[in-house]
Amino acid sequence: MARNSARSILQRQLDAREKLWPELTDNMLWSMDNEGWVALPRLIPLMLSIMDDLSGKGFPVSRTYLELWSRIRIEESFLALNRPEEMAFHAGFEGQRALRTWKDRVQRLAQLGFIGLKPGPLGDLSYAIVYNPYHVIKRAYLIGQVHENKWQALVIRANEVSAFDLDDVDDKGKLIVIDDEDEDEDEDTKPAPRRVRSAKAAKPQSTRRRPKRG
């Protein structure tokens, strides 16, 4: 039923698009069927704005974060920072201070908790891992570092797109560990499968499921 509803919405959108742009053909559009794509959360524009707020005026980190994100494989969330000059240029930094500025922004992202860094052949900034930005932003909100209007906008929009990542962090800023039921139990005797929060969590178990990430 839900799939049919989604198809119906898509078809209405396509019909509306055809009425507005009757001359449009598929090859005129940027299609995800082609190579060169990476998945982005639907709330990334708002998240980038919040990141810049957290970094402080005059030290925007959003372009650097977006450049890093564009290079990762989502199933890994990890990358080697082995082309720093190119990354700096793609993030919009030019001139003699380009590389220095890029390194500063990468370090700021790490200090804010959005990424993790490990040393290697290129020094302290050799490898990076990208953490779930929902978790980082919620922790920042809990200590009063996120503007209330942007937080409320994030909460509402996340709910609209069924992204429940904010529920992964409890009200003390700790990640709620989720344990799977023993899959070896007899299917005929055990109750319906469910997800159980660890005793480490201070927050009661949520009844909402997380069908997809935004």
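K118 is found in strand β2, which covers residues 115–120. The model is predicted. With a relative accessible area of 58%, K118 is exposed, because a residue counts as exposed when that value is over 50%. Residues up to four places away in sequence aside, K118 touches G123, D124, L125, S126 and Y127. A128 lies 10 residues from K118 in sequence, and the two C-alpha atoms are 6.4 Å apart.

Strands of a sheet pair through backbone hydrogen bonds, either parallel or antiparallel. Here the sheet is open, has 3 strands in the order β1-β3-β2, and its pairing is antiparallel. β1 (78–80) and β2 are the edge strands, each pairing on one side only. On average, neighbouring strands of this sheet are turned by 30° against each other, direction ignored.

The link between β2 and β3 can be followed residue by residue. Strand β3 spans residues 123–130 and is joined to β2 by 5 bridges, the two strands running antiparallel. For G116, the bridge partner in β3 is I129. Helix α5 (residues 98–112) packs on the sheet and touches β2 and β3. The direction of α5 makes about 120° with that of β2.

A further position to look at is T64, in helix α3 (residues 62–69). Is T64 buried or exposed? T64 counts as buried because its relative accessibility is 0%, and the limit for buried is under 20%. Neighbours within four places in sequence aside, T64 is in contact with A91, F93, W102, R105, V106 and L109.

Technical notes
Residues numbered from 1 in each chain as written. Predicted model: local features only at pLDDT ≥ 70, side-chain atom pairs only at ≥ 80, totals over all residues. Heavy atoms only, no water. Helix = DSSP H or I, 4+ residues; strand = E, 2+ residues; numbered from the N terminus. Buried < 20%, exposed > 50% of the residue type's maximum accessible area, 1.4 Å probe, protein only. Contact = heavy atoms within 4.5 Å. Pairing = 2+ DSSP bridges. Axes fitted to C-alpha atoms, helices over the stretch in contact; angles between N-to-C directions.
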